[in-house]
Amino acid sequence: MKPSSSLSNDQKLKICHHKAANPSIKQSALANWAMQEFKLSKVPTQGTISNILAKRQQYESMDSTELTSKRQRAVKHPELDNVLANWVLQCQARRVALSGDLIKEKARQFARQLELGERTPEFSNGWLAKFNIRHGFKAQKSYGESGSADLDAIDRNMPTSKEKLQSYSLQDIYNMDETGLFYRMAPDRTIARHQIEGSKKDKTRLTFVFAANADGSHKMEPLIIGHAQRPRAFNRKSGEQLGFYYRSNAKAWMTGLIFREWLQKMDQQMQDANRKVLLLLDNAPSHVVRDLPLTNVQVFLFPTNTTSKIQPMDAGIIAAFKRRYRRFQLQDAIDRDEQQKADIYKVDQLIAMKWAKAAWNDISSKTIANCFKHTGLFERETQKNEVGSEEQDIENELKDAINQLPISRPMSVHELINPEEEQQVAHEEISDEDLIKLSSSQDQEEEEDGEVMDENPPMSTKEKLNDLHSCISFLDLSNPNHVIAHKVLRNIQFEIRTIEKKQTTLVRYFCKEY
């Protein structure tokens with residue numbers, strides 16, 4: 001019999017079980033095991049194995065017919081499934097006890113709002129069981145009212161928090177948090193107010209999810225949440241194809257389902273690295289950990305209303321990211337002003353995402369470790385070197401940039417990097433109406449309003465090299481800063497020439513062949 005290159009759902013489930021029985025096995029070794037065990041014609045890719053492991057709960061919810069299939073049966077009503085699952089997760093975050101009958105009744109309500117009509121499921125006990133298994137929801141229990149915590153909660157819980165942290169090394173303690181970003185916001189109080197008020201219409205807001213460890217040695221890839229799956233700026237490519245961890249919904253909000261996907265991905269990464277880590281989280285409505293089968297990530301939730309004081313991301317890490325993002329933005333605005341462009345703050349989503357990724361990568365390990373230290377959670381020193389001067393230098397650059405721009409009512413740097421509305425949109429609870437809108441946007445391909453493309457036409461290789469030569473000619477090599485710039489520009493020249501040479505060689509080869 002000819003070896004197969006594809007896997008049945010039953011085989012995928014066996015891969016998940018083999019991983020569970022051998023938690024330290026690497027994905028490459030797991031792929032080799034699968035090829036030998038199932039007599040495959042080729043070794044499954046690392047991406048295939050990773051996707052299979054992330055969908056373990058789905059395979060475990062399948063019946064015998066589905067397991068023998070090589071394709072997973074699609075959920076009949078994905079929009080209903082998503083909105084109901086996010087509603088359940090929000091109820092869990094509020095510690096609301098849910099019975100099976102209540103979930104079914106809410107499903108009927110959502111079905112009417114989604115106008116499913118004759119396509120409405122029967123919402124039987126069997127339907128409920130499959131829904132719960134698909135999302136890893138177990139029997140609901142009552143946990144009572146969650147009380148609000150005042151500032152004294154910090155002092156009351158600090159000893160317990162510190163004791164928990166002491167059992168982990170600094171490199172194994174992580175913090176994650178979300179923030180909104182109005183990526184086109186002008187540093188002008190009058191203009192910015194109109195931009196923020198109109199952000200729901202022109203869709204110029206993104207949500208970013210950041211995570212890093214306490215010694216600053218590991219910054220995780222940021223998750224970016226936008227309004228559309230493939231905005232026009234993506235040029236019909238996916239976020240993954242462009243090199244981003246990207247998800248979307250109509251509001252560009254973090255939801256319970258997106259959070260659980262992110263957390264399971266982190267757990268899988270830690271399994272692959274054979275690490276056991278602690279993740280510090282706030283009590284945002286979307287941060288529902290209950291029933292998730294985590295093996296290598298232990299979650300520690302901060303007491304309610306205390307995160308602004310003791311959460312490292314809120315202690316300066318997110319602010320450091322925004323300083324760097326705004327530096328890119330204002331530098332670009334100055335360029336556009338010199339070119340006499342009509343809207344100097346005009347930028348498309350892809351460019352904003354590239355700036356954001358570069359801004360995150362630019363944050364030093366010392367800055368991150370210093371922010372963890374300032375929370376007061378650690379008895380140990382995270383870093384001996386203070387890095388306040390680094391952030392102050394960037395603030396001075398932002399002040400200078402603001403002064404160079406034509407602004408009637410300039411913002412302070414603090415207002416620019418800490419607009420209150422950016423935090424509100426990242427953490428607010430989602431209403432039933434908005435849950436419906438979120439679920440209805442899953443197939444959205446392009447941004448309909450407010451999306452702009454870069455106005456500059458692509459440059460030829462000759463134009464790029466000529467412009468670089470002009471810049472290099474301007475440099476004064478007696479200036480140490482110019483020497484650094486000279487090295488960077490020469491490296492860029494070399495890269496462009498190398499790419500051009502390879503392309504020319506390929507063209508000549510095919511011309512010779514034909």
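Hi everyone. Before we start, please keep in mind that this is a predicted model.

Let's begin with helix α12, which covers residues 256-272. How far apart are its end C-alpha atoms? They are 24 Å apart, and that agrees with expectation, because 17 residues at 1.5 Å a residue should span 24 Å. Several residues of α12 are buried, among them Ile258, Phe259, Trp262, Leu263 and Met266. The buried list also includes Arg260, Asp267, Gln268 and Gln271. After the helix comes asparagine 274, and its phi is positive, near 55°.

Now to the cysteines. How many disulfides does a search of the whole structure find? The answer is zero. As a reminder, a disulfide is a covalent bond between the sulfur atoms of two cysteines. Let me show you two of the cysteines. Cysteine 371 has 7% relative accessibility, so it counts as buried, the limit being under 20%. Cysteine 471 has 40%, so this residue counts as partly exposed.

On to the aromatic rings. The count comes to 10 aromatic pairs. One of them joins tryptophan 127 and phenylalanine 131, with 5.6 Å centre to centre and 10° between the planes, and this pair is stacked. Where do these two sit? Both are in helix α8, residues 125-135, and they are four residues apart, about one turn of the helix. An α-helix has 3.6 residues a turn, so residues three or four places apart point the same way. Phenylalanine 131 is at 0% relative accessibility and therefore counts as buried.

Next, have a look at phenylalanine 234 and tyrosine 246. Their ring centres are 5.2 Å apart and their planes are at 65°, so this pair is edge-to-face. Phenylalanine 234 belongs to the loop between β3 (223-226) and β4 (245-248), while tyrosine 246 is in strand β4, so the pair ties together parts that are 12 residues apart in sequence. Are these two residues buried or exposed? Phenylalanine 234 and tyrosine 246 are both buried.

There is also an aromatic cluster to find on your screens. Phe208, Phe210, Phe321, Tyr325, Trp355 and Trp360 make it up.

Last, two lysines over rings. Lysine 106 lies over the face of phenylalanine 110, 5.1 Å from the ring centre. Lysine 357 lies over the face of phenylalanine 244, at 5.1 Å from that ring's centre.

Conventions. Residues numbered from 1 in each chain as written. Predicted model: local features only at pLDDT ≥ 70, side-chain atom pairs only at ≥ 80, totals over all residues. Heavy atoms only, no water. Expected span 1.5 Å × (residues − 1). Buried < 20%, exposed > 50% of the residue type's maximum accessible area, 1.4 Å probe, protein only. Disulfide = S-S within 2.5 Å. Phe/Tyr/Trp six-rings, centres within 6.5 Å; stacked < 30°, edge-to-face > 60°. Lys NZ or Arg CZ within 6 Å of the ring centre and 35° of its normal.
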